[in-house]
Amino acid sequence: MEPLFTPREMAAIDAAAPNHGTASLDLMENAGRAVTRAILRRYPPCRVLVLAGPGNNGGDGYVAARLLAERGWPVAVAPIARPRAGSDAAIAAARWDGLLVSPETDRIRAADLVIDAVFGSGLAREIAPDIAEQLAAAGTLVAIDMPSGVDGATGAIRGFAPRAALTVTFVARKPGHLLYPGRARCGEVVCADIGMPAGAIARIAPTLWRNAPGLWRLPGIAEAGHKYDRGHLTILAGAMPGAAILAANAALRASAGLVTLSAEQAIAGAPPGLIVRTDRLSDLIADTRRRVWLCGPGLGVERAGAALDALIAAGRAIVADADALTACADAPERLRGVSAITPHEGEFARIFPGIDGDKLSAARAAAARTDTVVVLKGADTVIAAPDGRAAINDNAPPTLATAGCGDTLAGIIAGLLTRKMNPFEAACAAVWLHGEAARRIGPGLIAEDLANALPETIKALAERRSS
């Protein structure tokens, strides 16, 4: 598992390091050394200008400047502000005996490589216009910890942030490395080990992770099992059943044992692996083998709302998507009892008009309010559990922005719920598999491709784990 720490949590870890035997100045030296290593691996010797702020981020920059100069690189440091006397940054600055210059924009433009060591991830205010102008003058830029101007906790841009080619951070990524728009400013992100003591890291119990295998594990298939052991999913289908069929195929490929479409009339041309039932909804709900339901895709708002109420009353495990979410506009209390919801940002705003702010905080607040796992979709999908746990997904390619992909994701989540995964882990696993399957397909993806790509995606994951 890869935890993500907020800037505030990282500051607490940093502060605890001396109590566990590692001086903060040693960590600064190690951080500057990590930045130097990353640059040496990616760039030939060239003219470097370090823009150094007054805090620890600037101190890391002074160390990197010294180490690059020791290797014969032409390096200058342009202090944006002087460090506080007696601080670690001031000690690092005093060890720099090379060229100090003023941060003029013409000088910044002339540098082959600019190291942004101005603010780092802890910035929570707007960038001053003069500093924004200086950062904007940089060509190729390497950021230390975070491009200056990106809020490390939220990914928000504080007035301005440069676009880095490389960002070197330490100990753990921050939410702002994964959340847009900040993520688009980070370029390649390297997370370096700088010798932070394990005891200092253990001071913070993580509640946020980068979504990836290790945070969850897909269930195996019993050798002597049968289809009901693997679970039975029922999907409500509307007059235009294409969305429900997309979801059903994905659920089957995600290893649900059996999928039934509940429709008001027969569905011509339904795939042979799907069972279509036209029974009354109340009769199907009464069948206790039908533990997991998907409600919403292509169903129609009125029918979805009524079905959702009935399923919640019956205590079924439910994934609510599309029309079921529209039926709950400005009425999030109707979602209590649902296992997982999958809104995009527009649907989220309609359901939760009183919840705003950054994406991570909003998803967590909505999960707590509804006692439901919230999958707030997008290029940086956030999965939030009612108990405060959350994950940020970063493997989704832009090709997923096409009709029907959301229906497929809802089907994967529901399919994994039939395998008795808990809702948070099922949602995290489904979002990752969805993104990885899309990456494997590549350009030209349409939603129908995703289900067929799931078996190889799951197989590759199993092989990676066993190697």
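## Sheets and helix packing in a predicted model

Strands β13 (residues 292–295) and β14 form a parallel pair with four bridges. The model is predicted. Cys295 has Ala320 of β14 as its bridge partner. Strand β14 covers residues 317–320. In a regular strand the side chains alternate between the two faces of the sheet. In β14, Ala317 and Val319 point one way, while Ile318 and Ala320 point the other way. All four are buried.

**The seven-stranded sheet**

Another sheet is open and has seven strands. Their order is β4-β3-β2-β5-β6-β7-β8, and the pairing is parallel. Strands β4 (99–100) and β8 (188–192) stand at the edges. Each has a single partner strand, so one side of each is left without a neighbour in the sheet.

Within this order, β5 (residues 113–117) pairs with β6 (residues 141–144) in the parallel sense over three bridges. Ile115 has Val142 of β6 as its bridge partner.

Two helices meet these strands. Helix α2 (residues 24–42) lies across β5, β6, β7 (166–170) and β8. Its direction is at about 150 degrees to β7. Helix α3 (residues 56–70) packs on the sheet and touches β2 (48–52), β3 (75–79), β4, β5, β6 and β7. The direction of α3 makes about 165 degrees with that of β3.

Helix α18 takes part in both helix pairs below.

| Helix pair | Angle | Axis separation |
|---|---|---|
| α17 (residues 405–418) and α18 (residues 423–441) | about 135 degrees | 8 Å |
| α18 and α19 (residues 447–466) | roughly 105 degrees | within 8 Å |

The angle of about 135 degrees makes α17 oblique to α18. The crossing of these two helices is right-handed. On α17, the contact residues are Cys405, Thr408, Leu409, Ile412, Ile413, Leu416 and Leu417. On α18, they include Pro423, Ala426, Ala430, Val431, Leu433 and His434. By class, this contact has 13 nonpolar residues, two polar and no charged ones.

Helices α18 and α19 cross at roughly 105 degrees and are therefore roughly perpendicular to each other. From α18, the contact uses Trp432, Leu433, His434, Glu436, Ala437, Ala438, Arg440 and Ile441. From α19, the contributors include Asp449, Leu450, Leu454, Glu456, Ile458, Leu461 and Arg464.

Conventions. Residues are numbered from 1 along each chain as its sequence is written. This is a predicted model: local features need pLDDT of at least 70, side-chain atom pairs count only at pLDDT 80 or more; totals for chains, interfaces and linings use all residues. Side-chain values use heavy atoms; hydrogens and water are left out. Axes are lines fitted to C-alpha atoms, for helices over the stretch in contact, and angles run from 0 to 180 degrees between N-to-C directions. Angles under 35 degrees count as roughly parallel, over 145 as roughly antiparallel, 65 to 115 as roughly perpendicular and the rest as oblique. A crossing is left-handed if the near helix is turned anticlockwise from the far one by less than a right angle, and right-handed if clockwise. Contact means heavy atoms within 4.5 Å. Ala, Val, Leu, Ile, Met, Phe, Trp, Tyr, Cys and Pro count as nonpolar, Asp, Glu, Lys and Arg as charged, and the others, Gly among them, as polar. Two strands pair if DSSP finds at least two bridges between them. Buried means under 20% relative accessible area, exposed over 50%, partly exposed in between (1.4 Å probe, protein chains only).
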